[in-house]
Amino acid sequence: MDHATTTQAPVSNTTKHVTFRIWRQDGPDQQGHYDEFRIAYRPGANVVSCLMEIQRNPVTTDGRKVAPVIWDAACLEEVCGSCAMNINGRVRMACSALIDRLIGGGESIITLEPMKKFPVTRDLAVNRDRMFDALKRVKAWIPIDGTHNLGPGPRQSPADHSVMYKLSTCITCGSCLEACPQVTVDNDFMGAAAISQARLFNMNPTGKMNSEERVRGLMGPGGIQDCGKAQNCVKVCPKEIPLTTSIAVMNREVSKQIIKDIFFNQEGDKKATGGPG
Ligand code: SF4
């Protein structure tokens, strides 16, 4: 990182400004520190637009020219899910975090930190492989047997459709994992997002054909049994997905599967021993 001292962009005494205290970290196993940057206040600005401004002139409040801040972003409209980070200690999407709502009157400090439940790749960018591994575990997709036109799919009731639509708005941002006390850096609890996606694909008329595989994906270490019902996930989800309902629904499905397994195993035992059937 270049720490050469340069002249900071002048900030007028009469200009309202905002100070950003930003976590800097060169790589996953590196020590981190905070850098402070001060920029002029602009009404209606969001955190991403301020990060862009800092990127254009990465000079700290004490006059050091440093490497530009790294963060993930793509759509800038809360669809891609990549800009989730801790903003003033709470996980949110940087694209929809408006400065006006984060600061009080006069000069204010906004602290930006990477999510802590995922390995930092650099500065505010994290590696969310953990989430994608969980989606693979629950087979959060519908297998198709070709790309040819299969005609219209099975009909869905409007009631089911409205539930499925809401579940389908998950943007894999990771906020629910970040807020969950059961998710830690050294365990493999899958978190609420994958559980909710298993519910979504099990509701789909075609997806139902693989529902048992998804339910089995929720079972075992790191699965739905590790949920501690803290309910933080539902409070931070930017898409307001009913995650606690999804967890309750899928818990019931797992319980049913466990009972089925016990029943069929007992049947198998009876046949094997010639006992009364
Ligand atoms: S369920 Fe909500 S908080 Fe969790 S990854 Fe999806 S959109 Fe983000």
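I take buried to mean under 20% relative accessible area, exposed to mean over 50%, and partly exposed to mean in between, with a 1.4 Å probe and protein chains only.

**Setting up**

I am working with a predicted model, in which local features need pLDDT of at least 70, side-chain atom pairs count only at pLDDT 80 or more, and totals for chains, interfaces and linings use all residues. I number residues from 1 along each chain as its sequence is written, and side-chain values use heavy atoms, with hydrogens and water left out.

**Overall count**

I looked up the secondary structure first. The protein has 9 helices and 7 strands. Helices (H or I, at least four residues) and strands (E, at least two) are DSSP runs, numbered from the N terminus. Of the 277 residues in the protein, 42% are buried. I then turned to contacts, meaning heavy atoms within 4.5 Å. Among contacts with a separation of 6 or more, 67% are between residues 24 or more positions apart.

**The sheet**

In what order do the strands of the open sheet stand? I read β2-β1-β5-β3-β4, 5 strands with mixed pairing. Two strands pair if DSSP finds at least two bridges between them. β2 and β4 (90-93) each have a single partner strand and stand at the edges, so one side of each lacks a neighbour in the sheet. Direction ignored, neighbouring strands here are turned by 35° against each other on average. For angles, axes are lines fitted to C-alpha atoms, for helices over the stretch in contact, and values run from 0 to 180 degrees between N-to-C directions.

**Strand β1**

Next I followed β1 (17-25). Is β1 mostly covered or mostly open? It is mostly covered, since 8 of its 9 residues are buried. β1 and β2 run antiparallel and are joined by 9 bridges. A hairpin of 6 residues links β1 to β2. In this pairing I found Ile22 opposite Asp35 of β2. β1 and β5 run parallel, with 5 bridges between them. There I found Val18 opposite Ser108 of β5.

I also checked Arg24, which lies in strand β1. Arg24 counts as buried because its relative accessibility is 0%. What joins the side chains of Arg24 and Asp35? I found a polar contact of 3.1 Å. Such a contact is a pair of N or O atoms within 3.5 Å; within protein, one must be able to donate a hydrogen and the other to accept it, and residues adjacent in sequence count only if both atoms are side-chain atoms.

**Helix α1 over the sheet**

I moved to α1 (residues 47-56). This helix lies across β1, β2, β3 and β5 and runs at about 95° to β2. Its buried residues are Val47, Val48, Ser49, Cys50, Leu51 and Ile54. They pack against elements including β2 (32-40), β3 (84-87), α2 (99-102) and β5 (108-113).

**Helices α6 and α7**

I looked at α6 (residues 192-203) beside α7 (residues 211-218). Their axes are 10 Å apart, and the packing angle is about 170°. That makes α6 roughly antiparallel to α7, since angles under 35 degrees count as roughly parallel, over 145 as roughly antiparallel, 65 to 115 as roughly perpendicular and the rest as oblique. Which residues make the contact? From α6 I listed Ile195, Ala198, Phe201 and Asn202, and from α7 Ser211, Arg214, Val215 and Leu218. They divide into 5 nonpolar, 2 polar and 1 charged. Here Ala, Val, Leu, Ile, Met, Phe, Trp, Tyr, Cys and Pro count as nonpolar, Asp, Glu, Lys and Arg as charged, and the others, Gly among them, as polar.

Leu200 is also in helix α6. Leu200 is buried, with a relative accessible area of 8%. Leaving aside its neighbours within four places in sequence, I found Leu200 in contact with Met164, Leu167 and Ser168. Leu200 and Trp141 are 59 residues apart in sequence and 9.4 Å apart in space, C-alpha to C-alpha.

**Two loop residues with positive phi**

Where is Leu76 placed? I found Leu76 in the loop between α1 and β3. Its phi is near 60°, a positive value in a residue other than glycine. Leu76 counts as partly exposed because its relative accessibility is 41%.

Glu240 is in the loop between α8 (232-236) and α9 (243-273). Phi of Glu240 is near 50°, a positive value in a residue other than glycine. With 62% relative accessibility, Glu240 counts as exposed.
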